[in-house]
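Student: Could you take a close look with me at the annotated active site and its surroundings? I'd enjoy one connected walk through that part.

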Amino acid sequence: MSRIVRVAARGEGVSQDGRHVAFAAPGDTLTDAGEVVPGPHRRVPPCRHFPTCGGCQLQHLDDDAYRAFVTDRITSALAAQNLSAPVREVALSPERTRRRATLHAEAKGGRVLLGFAAQKSHAIVDMAECHVLLPDIFALVAPLRGLLQRLGLKRRADVQVTMTDRGADVLIAGVAPEGLAAAEAVTAFAERHGVARLSFDDGFGPETRWEPQPVTITLGGTPVPFPPGGFLQATAEGEGALVAAVREAVGTPATTADLFAGLGTFTLALPGKVYAAEGARDAVISLKAAANTGQRPIFTEHRDLYRRPLTVTELDRFGAIVLDPPRAGARDQAEALANSRAPVIAYVSCNPSSFARDAALLVAGGWSLDWVRPVGQFRWSTHVELAARFTRPDQ
Ligand SMILES: C[S@@+](CC[C@H](N)C(=O)[O-])C[C@H]1O[C@@H](n2cnc3c(N)ncnc32)[C@H](O)[C@@H]1O
């Protein structure tokens, strides 16, 4: 007999004697024959698609065990780099609050299947319910199936849905409406379901077929033109927790650099002057337009921060640095930051491992990791996010 003591990065339970068991929760008991006896942190998964659907890996955990998993992902990634830090309470997004998702579609046996991909597979789980998506996004699933059917879907398509100020922004890649009947089907679908924008990408970039009013997303109180399929933090609650952590971390500097700025989630929420660097041209154009309209002191730069990270001299001009890189992290930028004299860094990450690797570079350069705020905006998945503050004890 051995107790399940933690959940590993990929979601299996790990017993005291080191065995990995799928769908075991901390507190379960693993018998010598390999059977799992449920313990106090096991709960009945709410969704009929669990565990087939790849959208969730951990619906069998209660919230306490899920929060512990999120925290443990961060502390163990730090420990692997010989680092530790005070880890705050997890900001866990509620059920049914995910405001962006990419679903997959394919035609099979005369029907269109639409949903998330299955765990570790390309097969599509035809979504009949979902406990993570916003109800208004889920409500579009059946009508989208009908639309794809009418468009004569042949190959696999991806459907990206994002909730904006004006309603759902839908971007369909892999099929294009051809002919009058298809065009009419598109308009009828969009009108009937109150879609804010409907675009198609058949390999040559998004082409918008329906957008009665310009689509925006409000960030830091400023409406930002939202490019089709643009990046947004996964839930409004997650965005709120990350923004609050970043604001607390940086305080009130006169000038801040926001690196990997996207549409300006942090740029537009920061006080003082902000320099925003971002690699996606459409995001930079949107942020610049929003800053102009809102008369905000924001300077944008379209810059590839992997090829051309800010130099130490550039970094030293700012009173604070915010960075929020993609999953790969920002090794080269962290190397320059390690040698910079900027007073504070707020590092937002969607990958505890690359964060810990970059944190080790900063700590080796004399920075101290003051705290980490875990953010679970992909509820029940193994995807963990965080915001952290670094300061220089010698300053
Ligand atoms: C995790 S998102 C964060 C966006 C923004 N901070 C937010 O919270 O909405 C990462 C951003 O990095 C940008 N990015 C990816 N590779 C980049 C690169 N090489 N140089 C600059 N920006 C890049 C992406 O376009 C994306 O906007």
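Tutor: Happy to! Two residues are in contact here if their C-beta atoms, placed from the backbone, lie within 7 Å. Please keep in mind that this is a predicted model. The residue to start from is Cys 350, which an unreviewed UniProt entry lists under "active site". Such annotations may be inferred rather than shown by experiment. Leaving aside residues up to four places away in sequence, Cys 350 touches Arg 327 and Glu 385. Cys 350 counts as buried because it has 20 C-beta neighbours inside 10 Å, and 20 or more is what the buried class asks for.

Now for the setting around this loop. The protein chain holds nine helices and 21 strands. Its radius of gyration is 23 Å, close to the 21 Å that the globule rule gives for 395 residues, so the chain is as compact as a globular protein of that length. Buried residues, the class Cys 350 belongs to, account for 47% of the 395 residues. Among contacts between residues at least 6 apart in sequence, 61% join residues at least 24 apart.

Phe 260 lies between strand S15 (255-259) and strand S16 (273-278), and its phi is positive, near 60°, although it is not a glycine. Most residues other than glycine have a negative phi.

Terms used
Residues numbered from 1 in each chain as written. Predicted model: local features only at pLDDT ≥ 70, side-chain atom pairs only at ≥ 80, totals over all residues. Helix = DSSP H or I, 4+ residues; strand = E, 2+ residues; numbered from the N terminus. Rg over C-alpha atoms; globule rule 2.2 N^0.38 Å. Buried ≥ 20, exposed ≤ 12 C-beta atoms within 10 Å, placed from the backbone.
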